[in-house]
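Please open the structure in your viewer and keep the selection panel at hand. The tour moves from one selection to the next and says at each stop what is there.

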Amino acid sequence: METDFLETRLAAVAAAIADKTRASMLCALMDGRAWTATELSMMANVAPSTASSHLAKLMEQSLIACVQQGRHRYYRLHSSQIAGALEGLMGLVGRDDVVMRTKTPGNLRYARTCYDHMAGEIAVALHDALFRLNWLEGEEYSVTAHGKEQFQLLGVNIEDTAPRRRYACGCLDWSERREHLGGQLGKALLHTCEQKGWMRRDLVSRELHVSEKGKRKLAGTFGVVF
């Protein structure tokens, strides 16, 4: 029966995630980059041989994918849908917001990547500003005529390049417990910020570094001040 299949699959996926080592690997992959088994073993603090067995279990449930590049094999999250589901689960981890904010490093709470788009305090503020400034509207996150003009002036690609992925949507931010911008538009906005030198990704974590120029431009363009 269909219900039996769904229940079995859900249990299998939950079991794959319900291990601290595998959870550490999934969290590391939430930065949107691909990492080798050795790199992931270091992040999860386990031996490379142990990491390989954990990675195999994650691949078995289609939570991650393996990319061959020459002699090396790299692992990444299987899709943006997986990243969204993981971000949602992170939001359920801590019920006490005070405790959650205390345990979350300040730099990650401020600005980080959520797979291929922005997350954290600055991303939530940008999300709200896009609606306040009438660039986006409605529950479907529709781009207004004014928004289309402004996104284009900013250099953000607003073309629908991946029909199977939602163009724009809210993604629950696990540290702020509010929405930040996800989907293709969220990815495009982060890309533009990186291209302009407003933000840059950390080499070994999910942290986003916001430049002084970026802070000025975000304040002038969106009224977002940090």
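Begin by selecting Gly 223, the residue that follows helix H11 and has a positive phi, near 75 degrees. This is a predicted model, in which local features need pLDDT of at least 70 and side-chain atom pairs count only at pLDDT 80 or more, while totals for chains, interfaces and linings use all residues. Residues are numbered from 1 along each chain as its sequence is written, and side-chain values use heavy atoms, with hydrogens and water left out.

Now select H11 itself, residues 212-222; helices (H or I, at least four residues) and strands (E, at least two) are DSSP runs, numbered from the N terminus. Gly 214, Leu 218 and Phe 222 are buried in this helix, where buried means under 20% relative accessible area, exposed over 50% and partly exposed in between, with a 1.4 Å probe and protein chains only. Looking down the axis of H11, you will find its buried residues within an arc of 35 degrees, so they line one face of the helix; the arc is that of the directions from the helix axis to the C-beta atoms. An α-helix has 3.6 residues a turn, so residues three or four places apart point the same way. Turn to the other side of H11, and Glu 212, Arg 216 and Gly 220 are exposed there.

Next, display the open sheet of three strands, whose order is S1-S3-S2 with antiparallel pairing. Two strands pair if DSSP finds at least two bridges between them. At the edges are strand S1 (35-36) and strand S2 (64-69), each of which pairs on one side only. S1 is joined to strand S3 (residues 72-77) by two bridges, and these strands run antiparallel; select Trp 35 to see it opposite Tyr 75 in S3. Helix H2 (residues 20-29) packs on the sheet, where it touches S1, S2 and S3, and its direction makes about 85 degrees with that of S3. For such angles, axes are lines fitted to C-alpha atoms, for helices over the stretch in contact, and angles run from 0 to 180 degrees between N-to-C directions.

Staying with this sheet, follow S2 and S3, which pair in the antiparallel sense over six bridges, with Gln 69 opposite His 72 in S3. The two strands form a hairpin with two residues between them, and Gly 70 in the turn has a positive phi of about 65 degrees.

Most residues other than glycine have a negative phi, and most peptide bonds are trans. Asn 45, however, has a positive phi of about 60 degrees although it is not a glycine; Asn 45 lies in the loop between helix H3 (37-44) and H4, and is exposed, with a relative accessible area of 71%. Tyr 141 also has a positive phi, near 55 degrees, and is found in the loop between strand S6 (136-137) and strand S7 (142-143); at 11% relative accessibility, Tyr 141 counts as buried.

Finally, show the whole protein chain, which has 11 helices and 11 strands, and of whose 226 residues 42% count as buried.

Key:
Contact means heavy atoms within 4.5 Å.
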